[in-house]
Amino acid sequence: MTFDNYEHLFRSKASKAGYSEENVQKCLNYARPLIENNLPVIFNTSNLSVLVGYRKNFIKRAVLYTDYFYRSFPIKKKNKKPRYLKEPLPSLKEIQIWILEELLYSIPVSRFAKAYVQKRSLLDNVKYHKGKETVLSLDIKDFFTNIKRPSIEQIFQGVGYSSNVANLLSKLCCCDEYLPQGAPTSPYLSNLYLRTFDSQVSKYAVSNNLRYTRYADDITLSGKMDINASIEYVNTELSKLSLKLNKEKVKVMGQNVRQEVTGIVVNDAIQAPKSYRDKIRQEIYFIKKFTLEGHLKNTKNTKSNYLRHLLGKVNFVLQLNDGDKEMVDYSDFLKAELKSKPEA
């Protein structure tokens, strides 16, 4: 909708409601930059409730008693330590999805942010680092929990929303005053929070003839570099956002070792790790040797849609390297198996 169309409709409704011209103009001045930036116009909680299809009282409860609208559960990290996810209940999640799709996706993120962005993938994150002299991999410590609600409020206010509306939206997207890992809005909001960081580090990379990308909390710089200077620069920029590096996850990879970016090998060709490929190769071998039923019985595997899961792994490898003849053959084999056993 253009602003002219919005103004016409708004004036018509405002006239029936008895708004003064001063109030009409004030509302239109507020709405103009939002509409021009393709953002939904939100004046207050009542207005938002109409847009998302939930009662005003429900939204107020979700803001005041946020903890009751989430369930928390642990997942194991690679180091076996638990990480706790906070997943919103379906009602709040539906509101967050509306905020994500109707509002957040209209705010651009850095082109160097490769995760959680439509039409960007893991391949987009790794392809820039192929065949480089040195790959430096860094990790942001406690990423989501260190992005606080007042900073999220500033993001909403920065694109034109009033302080009251920005405060409301930030509370609908946060739990315990930080971004909950498990809410659909958190990944994209994290990218928006790091826009300035991405801009500064990318300028540093360009000035030093390096490549830079960020995939969520994974930061990668590659090329011929001063390692200590690069780490110090990244840490300094993160500190401006009250974030810091995880010192235990700093990886410096020269050409004489396997260089990995977010788990993908990038030395001479982009490829899935050998261990990942070997696992696929082993499973295909056992299916061919013992039949699918025999393999599942031998391994006591009761996973539903086993073949589709395995085909998904093969397709992931092919996404990285579509010329991998071995994986192409495995893909054809699994598709034939699925055709004869669609339920497997």
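Predicted model: local features only at pLDDT ≥ 70, side-chain atom pairs only at ≥ 80, totals over all residues.
Student: What percentage of the 344 residues in the protein chain is buried?
Tutor: Buried means under 20% relative accessible area, exposed means over 50%, and partly exposed lies in between (1.4 Å probe, protein chains only). For the 344 residues of the protein chain, the buried part is 46%.

Student: Which residues of α9 are buried?
Tutor: Helices (H or I, at least four residues) and strands (E, at least two) are DSSP runs, numbered from the N terminus. Helix α9 is mostly covered, with eight of its eight residues buried. Contact means heavy atoms within 4.5 Å, and the buried residues of α9 pack against α5 (90-102), α7 (149-158), α8, α10 (195-207) and β4 (211-215). The buried residues are S186, P187, Y188, L189, S190, N191, L192 and Y193.

Student: How many salt bridges does a search of the whole structure find?
Tutor: Side chains of opposite charge can pair when their charged atoms come close. A salt bridge is a side-chain nitrogen of Lys or Arg within 4 Å of a carboxyl oxygen of Asp or Glu. The search of the whole structure gives a count of 20.

Student: How far apart are the closest N and O atoms of R11 and E21?
Tutor: R11 is partly exposed at 29% relative accessible area, and E21 is partly exposed at 46%. The closest N and O atoms of their salt bridge are separated by 3.0 Å.

Student: In which helix do E36 and R32 both lie?
Tutor: The side chains of E36 and R32 meet in a salt bridge of 3.4 Å, N to O. E36 is exposed at 55% relative accessibility, whereas R32 is partly exposed at 37%. The two residues are four residues apart, about one turn of the helix, and both lie in α2.

Student: Is K86, which meets D176 in a salt bridge, buried or exposed?
Tutor: The salt bridge between D176 and K86 has an N to O distance of 3.3 Å. The pair links distant parts of the chain, 90 residues apart, with D176 in the loop between α8 (163-173) and α9 (186-193) and K86 in strand β2. D176 is partly exposed, at 41%. K86 has a relative accessible area of 16% and is buried.

Student: Which residues gather in a patch of positive charge on the surface?
Tutor: Patches are made of residues with over 30% relative accessible area and no salt bridge, with like charges joined within 9 Å and nonpolar side chains (Val, Leu, Ile, Met, Phe, Trp, Tyr) within 5 Å. One member, K81, is exposed at 52% and sits in the loop between β1 (70-76) and β2 (82-88). The residues of this positive patch are K77, K81, R83, K249 and K251.

Terms used
Residues numbered from 1 in each chain as written. Heavy atoms only, no water. Areas by Shrake-Rupley, 256 points an atom, 1.4 Å probe, with all protein chains shown as cover. Lys, Arg positive; Asp, Glu negative; His and termini not counted. Charge placed at Lys NZ, Arg CZ, Asp CG, Glu CD.
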